[in-house]
Amino acid sequence: MSTETIQLHCVNSWEAAFLREEVRGYFTPEVDLRPGATVLDVGANIGVFAAAVYERLGGDVRLFAFEPMPPLHATLARNAEEFFHGKLTALPYGLAAAEHELDFSYFPAATIFSSSLRDAGNIEQERRRVTASVVEMIRQGGMGPALRRVPAPVLRFLVGRKLRVMRELETHRVRVRPLSAVIEEQGIEAIDLLKIDVEGAELDVLHGIQDRHWPLIRQSVVEVEGWAANRDRISEVFTSRGFTVRAEQDPAQRAADIGMVFAAR
């Protein structure tokens, strides 16, 4: 059951293509999504993951998408209104362990790397890490076969030059909230899939779920930054609550010290 691919409004067109490629990794055979599901997209950007779920389920889904950055949320809300036929609720805040306001670094020309954990002091290190990951993704066949034929040194140069735009950043003061508060406020009775991609703040999101709400969550997919340091900590959050957990890391993710944790009951 599927619909045509949604052509979302975006801030930067190259990011929409990149995210389409990236979100494929969230849909492994073990991820069980059926019509009528309720799905939470935490770290939604413009809604690419939400669109992929909507397409897979033929629109028979209830989606909650969280995006705290004002320019991104404006685009997400526009997409929700024009393409999701009332099935997507675009929420203008992020998730964390407690109600708070945080300073987020926003990169207008590379919005997917916006985070509360990146700033001018570590941006060059982050740019090198992201460059290595994108180059490896291309070498593995992502972004099309033509780019795969480009020699690796040339790719590194081209991608690194493209990502110089990460030097241009703005600071936005944004709201974050615990997920448990949102579950109660929105009347969410079940979460068939909790997707988390929050650029390093994964544990903070999970710590915002009260014990009484964990039984509502059937499965989760988490992109983990700082893989070596955080993989086991995040896995333990799920295993301690009765989930079966699988952690995986492909070559492109290994280059960026990130990976995926899949958790299901």
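Author: Start with one term. A residue is buried under 20% relative accessible area, exposed over 50%, and partly exposed in between. The structure above is a predicted model.

Reader: Then how do I class Glu-30: buried, exposed or partly exposed?

Author: Glu-30 has a relative accessible area of 39%, so Glu-30 is partly exposed.

Reader: What does Glu-30 form a salt bridge with?

Author: The general idea: look for a side-chain nitrogen of Lys or Arg within 4 Å of a carboxyl oxygen of Asp or Glu. Here the partner of Glu-30 is Arg-246, and their closest N and O atoms are 2.4 Å apart. Glu-30 sits in the loop between H1 and strand S1 (37-42), while Arg-246 is in strand S9, so the pair ties together parts that are 216 residues apart in sequence. Arg-246 is partly exposed, because its relative accessibility is 29%.

Reader: How many salt bridges does the structure hold?

Author: There are 17 salt bridges. Take Glu-55 and Arg-20: the closest N and O atoms are 2.8 Å apart. This pair also links distant parts of the chain, with Glu-55 in helix H2 (residues 48-56) and Arg-20 in helix H1, 35 residues apart. Now apply the cut-offs. Glu-55 has 10% relative accessibility, so Glu-55 counts as buried. Arg-20 has a relative accessible area of 23%, so Arg-20 is partly exposed.

Reader: Which residues of helix H1 are buried?

Author: In H1 (residues 13-23), they are Glu-15, Ala-16, Phe-18, Leu-19, Glu-22 and Val-23. They cover an arc of only 165° around the axis, so they lie on the same side of H1.

Reader: And which residues are buried in H6?

Author: Ala-152, Leu-155, Val-159 and Gly-160 are buried in H6. Their arc around the axis is only 120°, which puts them on the same side of H6. Next, turn to Phe-157, in this helix of residues 152-162. Phe-157 has a relative accessible area of 46%, so Phe-157 is partly exposed. Together, Val-154, Phe-157 and Leu-158 make a nonpolar surface patch of about 250 Å².

Reader: How many aromatic pairs are there?

Author: The general idea comes first. A pair of aromatic rings is described by the distance of the centres and the angle of the planes. The count here is eight aromatic pairs. One of them joins Trp-214 and Phe-238: 5.7 Å centre to centre, 90° between the planes, edge-to-face. Trp-214 is in the loop between helix H8 (202-206) and strand S8 (219-225), and Phe-238 is in helix H9 (residues 227-239), so to speak a link between distant parts of the chain, 24 residues apart. Both Trp-214 and Phe-238 are buried.

Trp-214 also pairs with Phe-243, again edge-to-face, at 6.1 Å centre to centre and 75° between the planes. Phe-243 lies in the loop between H9 and strand S9 (244-248), 29 residues from Trp-214. Trp-214 has 2% relative accessibility, so Trp-214 counts as buried. Phe-243, at 5%, counts as buried as well.

Reader: Which residues do ring pairs link into a cluster?

Author: Tyr-26, Phe-27 and Phe-49. Phe-27 has a charged neighbour too: the charged end of Arg-56 sits over its ring, 3.9 Å from the centre. In another case, Arg-175 lies over the face of Tyr-93, at 5.5 Å from the ring centre.

Reader: What is the phi of His-85?

Author: Near 50°, a positive value in a residue other than glycine. His-85 is in the loop between helix H3 (70-83) and strand S3 (88-91). His-85 has 63% relative accessibility, so His-85 counts as exposed.

Reader: Is Glu-199 buried or exposed?

Author: Glu-199 counts as buried, because its relative accessibility is 11%. Its phi is near 55°, also a positive value in a residue other than glycine. Glu-199 lies in the loop between strand S7 (193-196) and H8.

Definitions and conventions
Residues are numbered from 1 along each chain as its sequence is written. This is a predicted model: local features need pLDDT of at least 70, side-chain atom pairs count only at pLDDT 80 or more; totals for chains, interfaces and linings use all residues. Side-chain values use heavy atoms; hydrogens and water are left out. Patches are made of residues with over 30% relative accessible area and no salt bridge: like charges are joined within 9 Å, nonpolar side chains (Val, Leu, Ile, Met, Phe, Trp, Tyr) within 5 Å. Accessible areas come from the Shrake-Rupley method with a 1.4 Å probe; for residues, only the protein chains shown count as cover. Helices (H or I, at least four residues) and strands (E, at least two) are DSSP runs, numbered from the N terminus. Buried means under 20% relative accessible area, exposed over 50%, partly exposed in between (1.4 Å probe, protein chains only). Rings of Phe, Tyr and Trp (its six-membered ring) pair if their centres lie within 6.5 Å; planes under 30 degrees apart count as stacked, over 60 as edge-to-face and the rest as tilted. A charge sits over a ring if NZ of Lys or CZ of Arg is within 6 Å of the ring centre and within 35 degrees of the ring normal. The arc is that of the directions from the helix axis to the C-beta atoms.
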